[in-house]
Amino acid sequence: MLVDELKRLLDTSFKANVQLIVGAGGAFKEAAQAARDPLRASKPDARALLGDLAKLQFEYVKELSRGSTEYWGAVAAMAKGEGTPEDASKPTSTAHAQALRGEPGETVGFQFRIDNPNAEAVNARIESQPWSSRGGETVDADSLVFRPADTVVAPGSHVVVLGQVTLDERFVPGQTYDTVIRVAGFPGHQVAFSLSVAK
């Protein structure tokens, strides 16, 4: 029965998500212990690692939760007759607008997730637009780096894209910049970023 199958899939997905979160929590705990170790805590990289892991874990859990909710919401709607198989099989990106902030000369990291609930693999390529400041200046998209920038998302799977932007001399302190990143292969799906550069 379709309802029972959906319940089974939801239960499997929930357990898998819990295992992933617990694993990330273990890495976070280890970093926290390293930061408290007198022999390692004095090293700048120990506390920096702790801060980076905390931010990464928060963003990962947030994206994981949002992606699961959106996908299973679509499946449930289809099961109730509120959607069509075509609606549910369209590749989707759970990426959404993100606000970034950094100091001049700093490299700012971020991530977003691309889901493919389709029955076939989808070629995904990240395409970024130049940054446009709210004061009228532009910065070329070569300031952005993505890993992976070009990938294949397997059926029923997802890919987490890691990105970074280096705030070099082209970015004016005190300005806020905007850009849009498109995922080629996933028509209509894009993610907007705003970047505030500290004075």
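Predicted model: local features only at pLDDT ≥ 70, side-chain atom pairs only at ≥ 80, totals over all residues.
Reader: Got it. How many bridges link β7 and β9, and in which sense do they pair?
Author: β7 and β9 are paired through four bridges, in the antiparallel sense.

Reader: And what about β3 and β9, how many bridges there?
Author: That antiparallel pairing of β3 with β9 has 10 bridges.

Reader: Which strands does β4 pair with?
Author: β4 pairs with β8, residues 150-153, antiparallel and over four bridges. Four bridges also join β4 to β10, again running antiparallel. For landmarks, Val122 stands opposite Val153 in β8, and Arg125 stands opposite Ala184 in β10.

Reader: Nice. Stepping back, how many helices and strands does the chain have?
Author: Four helices and 11 strands.

Reader: How much of the chain is buried?
Author: Of the 199 residues, 34% are buried. The accessible surface of the chain is about 11700 Å², and carbon and sulfur atoms hold 56% of that.

Reader: Before I go on, what does the confidence look like for the chain?
Author: The mean pLDDT is 74, with 51% of the residues at 70 or more. Residues 80-96 have pLDDT below 50, and in the model that stretch makes 42 contacts beyond near neighbours in sequence.

Reader: Thanks, I'll bear that in mind. Which residues touch the most other members of the largest nonpolar core?
Author: Phe112, Trp131, Phe171 and Leu195 do, in a core of 26 residues. At least two residues of this core come from each of β3 (107-116), β4 (122-128), β7 (144-147), β9 (157-166), β10 (176-184) and β11. As a general point, nonpolar side chains tend to be buried together in soluble globular proteins.

Reader: What does Phe171 touch, beyond its neighbours in sequence?
Author: Leaving out residues up to four places away, Phe171 touches Trp131, Val139, Ser143, Val165, Thr166, Tyr177, Leu195 and Val197.

Reader: Switching to Ser194: where is it, and is it buried or exposed?
Author: Ser194 sits in strand β11, residues 190-197. Ser194 counts as buried because its relative accessible area is 18%, under the 20% cut-off.

Reader: Who are the contacts of Ser194?
Author: Setting aside neighbours within four places in sequence, Ser194 is in contact with Gln98, Ala99, Leu100, Arg134, Thr176, Tyr177 and Asp178.

Reader: How about contacts over the chain, what share comes from residues 24 or more positions apart?
Author: Among contacts with a separation of 6 or more, 67% are between residues 24 or more positions apart.

Reader: Where does Glu103 lie, and what is it in contact with?
Author: Glu103 lies in the loop between β2 (98-102) and β3. Apart from neighbours within four places in sequence, Glu103 is in contact with Leu167 and Ala198. With a relative accessible area of 46%, Glu103 is partly exposed.

Reader: Now charges! How many salt bridges are there?
Author: The count is five. In general, side chains of opposite charge can pair when their charged atoms come close.

Reader: What is the N to O distance between Asp115 and Arg113, and are those residues buried or exposed?
Author: Their salt bridge has an N to O distance of 2.8 Å. Asp115 and Arg113 are both buried.

Reader: And which residue does Glu127 form a salt bridge with?
Author: Arg125, with the closest N and O atoms 2.6 Å apart. Glu127 is partly exposed at 31% relative accessibility, and Arg125 is partly exposed at 39%.

Reader: Last one: how far apart are N and O in the salt bridge of Arg170 and Asp168?
Author: The distance there is 2.9 Å. Salt bridges with shared partners also join Asp142, Asp168 and Arg170 into one network. Arg170 is partly exposed at 31% relative accessibility, and Asp168 is partly exposed at 22%.

Note on methods: Residues numbered from 1 in each chain as written. Heavy atoms only, no water. Buried < 20%, exposed > 50% of the residue type's maximum accessible area, 1.4 Å probe, protein only. Contact = heavy atoms within 4.5 Å. Areas by Shrake-Rupley, 256 points an atom, 1.4 Å probe, with all protein chains shown as cover. Salt bridge = Lys/Arg side-chain N within 4 Å of Asp/Glu carboxyl O. pLDDT = per-residue confidence, 0-100. Core = buried A, V, L, I, M, F, W, Y, C linked by side-chain atoms within 4.5 Å. Pairing = 2+ DSSP bridges.
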